[in-house]
Amino acid sequence: MKRRMIAAMMAAALLAGCLAGCGNKPDTQKSSEADQGQNSSAGGDSSEGASAEKDSDEVVTIKYVTWESKEEKNPIIDQFEKEHPNIKVEVTVVPDSNNTAESLDIIAMGGGEMDVWPFQSGGQFSRMQQGLLLDVSEYLEKDGINMDEWFGSYSEWGQYNGTYYGMPSTASVGMMFYNKDMFDAANVPYPEADWTIEDYKAIAEKLTTGEGGSKVYGTFQNTFPEEWGIYGAQTSSLYDEDGMSNFRMDNEDFINSLKLRKDMDDAGYEISYAQNVANFSYSSVEFLSGRCAMTPGYSWVIRDMKDKENFPFDFNVGVCYFPRVSEEAPMNPSQVSVGMLGIPASAEHPEEAWEFIKYYTQYGSAQTISDGNIPTYQNEDTSVLVKELIADTSLTEEQGALFFADDIYTFTAVPTGVAAGEYATIINEETGLYFSGEQSLEDTIDKIKTKADAAIQAAMEEAE
């Protein structure tokens, strides 16, 4: 699957050597012929890798710590253990909360308490920079694995400064979900392929109805840290050519992206940012309950569409790509967030953990799809994955194929360069103050620029 990652993935000239900027990626074949080619040139079956478990009757237990309770019953783990009788996987689930990432950090740094370290939303990059993850270059070389062949442009999410620290595991692919029944009732046409944020705002106004507890909003936007930029980051990197923050008042697309949310909040076309934070709600809850007509969500909304016990909706759903930030922006934009499986530098059983990570990413596509994510491993039959994704929903194969399309334009509003973690925190805190009406747009941009530049500069100096 070809994917084009805009410069938001990394500023091309970051002094500390960030992830490469991007353009068109080479085609990745998804056929049995390609699979055979991979078996000979890219390592083949993971159980035959040069770093395979030791020839011994000794049983090694690796520790996989995650926030995903479903992993306790993940069939791919049982399958792995059957095919690797000398390796057992002990799954430990920590509470899924705002402090989950910090909890995993503490466990990983404890020494010997974690062998497999999962990440989401770009959290892996700051840990790479901090030296908390094991460099897996030696394993890749021994097993003859070409990361670009295995993962296409998703491979960018497993490396920093040219060094790989893990394998991209799952991708959340963004789309606009809309209630076709509400559109039809209001005689509003469905979004066109070339729609822009101005069209989005106009449609949200038309579809906002009612008052008080019975009000239906035209749209709903999440409060995830990167959500401010699902429009502005379509065309502009978070880092400038010097490797510093690209937040400036003359960065029109960033400014328009921020103003869009504030304007729709103030106009009442969506639940206010402050109320949304207080409710700790998200796309599936608001959209599938019928409290809004459309929402920018991710592939996991489809998972929730199948969960009729918790989301008993009864309307027809449409999906399309995000609106473009301007007429000049690329067609078919979609924010993508990619998770990764890595190995802590302190891991007690790194070789066995590597075998598990390889196996999980190669053979876990069915489970990944059932969880509402898109597999990162490229040598899969897309038509089969599309059918699995939309199974038990009213979505068509044409709609499901959008999540795998060759011409999708993917980007990320998550900082993935120098001082990524600090930069993301700064953006989230300052934009939250702006959306809540506690500071002006000018002050918001100035504070992000000043604080982020200081963090980036400090990180660069520390790396020298």
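Student: What makes K70, E71 and D371 a network in this predicted model?

Tutor: These residues are linked by salt bridges. One of the contacts is the salt bridge of K70 with D371, where the closest N and O atoms are 3.0 Å apart. A salt bridge asks for a side-chain nitrogen of Lys or Arg within 4 Å of a carboxyl oxygen of Asp or Glu, so a value of 3.0 Å qualifies.

Student: How do you know that K70 and D371 link distant parts of the chain?

Tutor: Look at where they sit: K70 is in the loop between β2 and α2 (75-83), and D371 is in the loop between α14 (365-370) and β11 (374-375). They are 301 residues apart.

Student: And are K70 and D371 buried, partly exposed or exposed?

Tutor: Buried means under 20% relative accessible area and exposed means over 50%, with partly exposed in between. K70 has 28%, so K70 is partly exposed. D371 has 11%, so D371 counts as buried.

Student: Why is the contact of K63 and E113 called a salt bridge?

Tutor: Their side chains meet at 3.7 Å, N to O. The cut-off is 4 Å, so this pair passes as well. K63 lies in strand β2 (residues 60-66) and E113 in the loop between α3 and β4 (117-119), so the pair ties together parts that are 50 residues apart in sequence. The structure holds 16 salt bridges.

Student: Why do K63 and E113 count as partly exposed?

Tutor: K63 has 21% relative accessibility, and E113 has 43%. Both values fall between the 20% and 50% limits, so each residue counts as partly exposed.

Student: How do you know that the buried residues of helix α3 are on the same side?

Tutor: In α3 (residues 100-110), the buried residues are T100, L104, D105 and A108. They cover an arc of only 140° around the axis, which puts them on the same side of α3. The face turned away from that buried side carries the exposed residues I106, M109 and G110.

Student: Let's turn to charge. What makes the patch of E192, D194, E198 and D199 negative?

Tutor: Asp and Glu count as negative, so a surface patch formed by these residues is a negative one. D199 is found in helix α8 (residues 197-207).

Student: Why does N187 count as exposed?

Tutor: N187 has 68% relative accessibility, which is over 50%, so N187 counts as exposed. N187 is in the loop between α7 (180-185) and α8, and has a positive phi of about 60° although it is not a glycine.

Terms used:
Residues are numbered from 1 along each chain as its sequence is written. This is a predicted model: local features need pLDDT of at least 70, side-chain atom pairs count only at pLDDT 80 or more; totals for chains, interfaces and linings use all residues. Side-chain values use heavy atoms; hydrogens and water are left out. Patches are made of residues with over 30% relative accessible area and no salt bridge: like charges are joined within 9 Å, nonpolar side chains (Val, Leu, Ile, Met, Phe, Trp, Tyr) within 5 Å. Accessible areas come from the Shrake-Rupley method with a 1.4 Å probe; for residues, only the protein chains shown count as cover. The place of a charge is taken as NZ of Lys, CZ of Arg, CG of Asp or CD of Glu. Helices (H or I, at least four residues) and strands (E, at least two) are DSSP runs, numbered from the N terminus. Buried means under 20% relative accessible area, exposed over 50%, partly exposed in between (1.4 Å probe, protein chains only). The arc is that of the directions from the helix axis to the C-beta atoms.
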